[in-house]
Amino acid sequence: TEAGFLLGSNEESIQAGLTDPLNQTGWDLEYDPHRDLLYVSLPALGSVRILAAENLQEVGQVAVGTRPYGISLSADSARLYCALYTAGAVAAWEVGTENVDEIDILDQMGDIRTWEVAEVSPDLVLATCSPTSGALTYVTRIAVDFDGGHTVSRAASFRNIRHQPTVVSGGDGIRAYVGENSTPASLYALDITQMAAAIVVEDTPGTVSGTDRLAVSPDGSRLY
């Protein structure tokens, strides 16, 4: 991606851009191709930092809620979704404004520690949880509707997935992938056309590694 190229091309500059004046390091990053901006989550400050992609200079910052970790920009760049760790919620920031909606997913997720979030198709978001204890926690499906009300349900066949799980869109409106940083590592393919976003494929234990970070090729044919 453009953001990935930038990260690899100028390590010192990006490190300076990801660290705010109070020495609070950013956690996650998203590139906005419509505005040529970078968004960086700052958990300690409860905010998202906005950087100009061309020079990594800060152009703004918006408060989004308690300890934003994983972030995901909608396909139309209209909203940035933020996993609010210790809030059991996902924030939805209307990009370019100060409007932030908080979507409560605690009952469905099972714990307050929202870890990762991804828009896997238009107006469909998946969120994961990474508790510090042995709590039973679940991948959560959010059908986003800011007019009629959001529909929140458990996903991934109601499987207990809780070891720093990451989630990415398959890019086809059919699949999403969840990687669990467990021992051994785990990898799941979900059918997001189903209400329950059920697991349809999973790895054989011990055959995958590095599932704490996932990326899908532009044509959706490869998962990295």
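Strands β2 and β3 (residues 47–52) pair in the antiparallel sense over six bridges, where pairing requires that DSSP finds at least two bridges between two strands. The model is predicted, so local features need pLDDT of at least 70 and side-chain atom pairs count only at pLDDT 80 or more, whereas totals for chains, interfaces and linings use all residues. Residues are numbered from 1 along each chain as its sequence is written, and side-chain values use heavy atoms, with hydrogens and water left out.

Asp32 has Leu37 of β2 as its bridge partner. In the hairpin of β1 and β2, with four residues between the strands, a positive phi near 55 degrees is found at Asp36.

Six of the six residues of β2 are buried, so β2 is largely enclosed by the rest of the structure; buried denotes under 20% relative accessible area, exposed over 50%, and partly exposed in between (1.4 Å probe, protein chains only). In a regular strand the side chains alternate between the two faces of the sheet. In β2 both faces are covered: Leu37, Tyr39 and Ser41 are buried on one side, and Leu38, Val40 and Leu42 on the other.

A search of the whole structure finds six aromatic pairs. Rings of Phe, Tyr and Trp (its six-membered ring) pair if their centres lie within 6.5 Å, with planes under 30 degrees apart counted as stacked, over 60 as edge-to-face and the rest as tilted. The ring centres of Tyr39 and Trp93 are 5.5 Å apart and the planes stand at 90 degrees, so this pair is edge-to-face. Tyr39 belongs to β2 (residues 37–42) and Trp93 to β7 (residues 89–94), so the pair ties together parts that are 54 residues apart in sequence. Both Tyr39 and Trp93 are buried. Ring pairs also link Trp27, Tyr69, Tyr85 and Trp115 into a cluster. The charged end of Arg79 sits over the ring of Phe146, 3.7 Å from its centre; this description applies if NZ of Lys or CZ of Arg is within 6 Å of the ring centre and within 35 degrees of the ring normal.

Gly88 is placed in the loop between β6 (79–84) and β7. Its relative accessibility is 0%, so Gly88 counts as buried. Beyond neighbours within four places in sequence, Gly88 is in contact (heavy atoms within 4.5 Å) with residues including Ile103, Ile105, Met109 and Thr114.

The chain has three helices and 16 strands, taken as DSSP runs (helices H or I, at least four residues; strands E, at least two) numbered from the N terminus. Of its 224 residues, 50% are buried. Among contacts between residues at least 6 apart in sequence, 41% join residues at least 24 apart. No disulfides are found in a search of the whole structure, the criterion being a pair of cysteine sulfur atoms within 2.5 Å. Cys82 counts as buried, at 0% relative accessibility, and Cys129 likewise counts as buried at 0%.
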